[in-house]
Amino acid sequence: MTDPLDFSGKRVLVIGGSSGIGNGIAQGFRARGAEVTVTGTRPDAGDYLEAEDSDFAGLAYRQLDLFDRDAAEGLADQFPFLDVLVQCQGIVRYKRQEFEREGWDDVIDVNLNSVMDVARALHAALAENDGAMIVVSSVAAFNATIGTPAYAASKAGAASLVKTLGEAWARDGIRVNGIAPGLVPTKLTSVTTDHPERLEASLSRIPLRRMGTPEDMAGAALFLASPLADYITGQTLVVDGGLTLS
């Protein structure tokens, strides 16, 4: 019997796979046999090894700065075909910076505009192989957040985009789904995870009483990209330990 989670011979690109959730997802696909490329903003993968808790073993690396709205266009030449595209790019601006135009624009550009830029650039590559695209948003897409209006709005937009592209691109053989993580320790959530009192308060609201891990998100991504999910498109899977149940 063929293992539906065997990605041997499959080509996978993880945007934002240089650290955090994206890196965990990338390693999840690599462990299942895929040829995986990750992108990050720094010139070289080695630049992450000291600053981030990243694992580049078995991964190819490409620099990609999505603040440049034209940067995604170059991906089409580098990846003429793809089996799986995971979009895990994301930034946040704390200290109420997102209430100002500059902070708002930065977050919307990376968290939402670039998702469509990359999707547009790689549509043909995914259609070539009847591929799957997975967009990593956040449970912030479904709730109010304190002090980060652009982050919440961008993640809600990303979840909505999954629905629209899921419908529009089904005719091209492309399945589009999403993952909405809850609390996962990354550089974006360190404002909570690095402070014991804040972390304890957050954990008290999670029925499973623990934070999520990048490996938890990898499991969801592997499922959504696999034949097990062949009849699923346009959906965002909430992976939050029950945080949003109440």
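Author: Buried here means under 20% relative accessible area, exposed over 50%, and partly exposed in between (1.4 Å probe, protein chains only). This is a predicted model, where local features need pLDDT of at least 70 and side-chain atom pairs count only at pLDDT 80 or more, while totals for chains, interfaces and linings use all residues. Residues are numbered from 1 along each chain as its sequence is written, and side-chain values use heavy atoms, with hydrogens and water left out.

Reader: Is Y61 buried or exposed?
Author: The cut-off for buried is under 20%. Y61 has a relative accessible area of 15%, so Y61 is buried.

Reader: OK, what kind of pair do the rings of F56 and Y61 make?
Author: Rings of Phe, Tyr and Trp (its six-membered ring) pair if their centres lie within 6.5 Å; planes under 30 degrees apart are stacked, over 60 edge-to-face, the rest tilted. For F56 and Y61 the centres are 5.9 Å apart and the planes sit at 85°, so the pair is edge-to-face.

Reader: And what is the angle between the planes of F7 and F29?
Author: Both F7 and F29 are buried. Their rings form an edge-to-face pair, 5.0 Å centre to centre, and the angle between the planes is 80°.

Reader: Which ring does the charged end of R11 sit over?
Author: A charge sits over a ring if NZ of Lys or CZ of Arg is within 6 Å of the ring centre and within 35 degrees of the ring normal. The charged end of R11 is 5.5 Å from the centre of its ring, and that ring belongs to F81.
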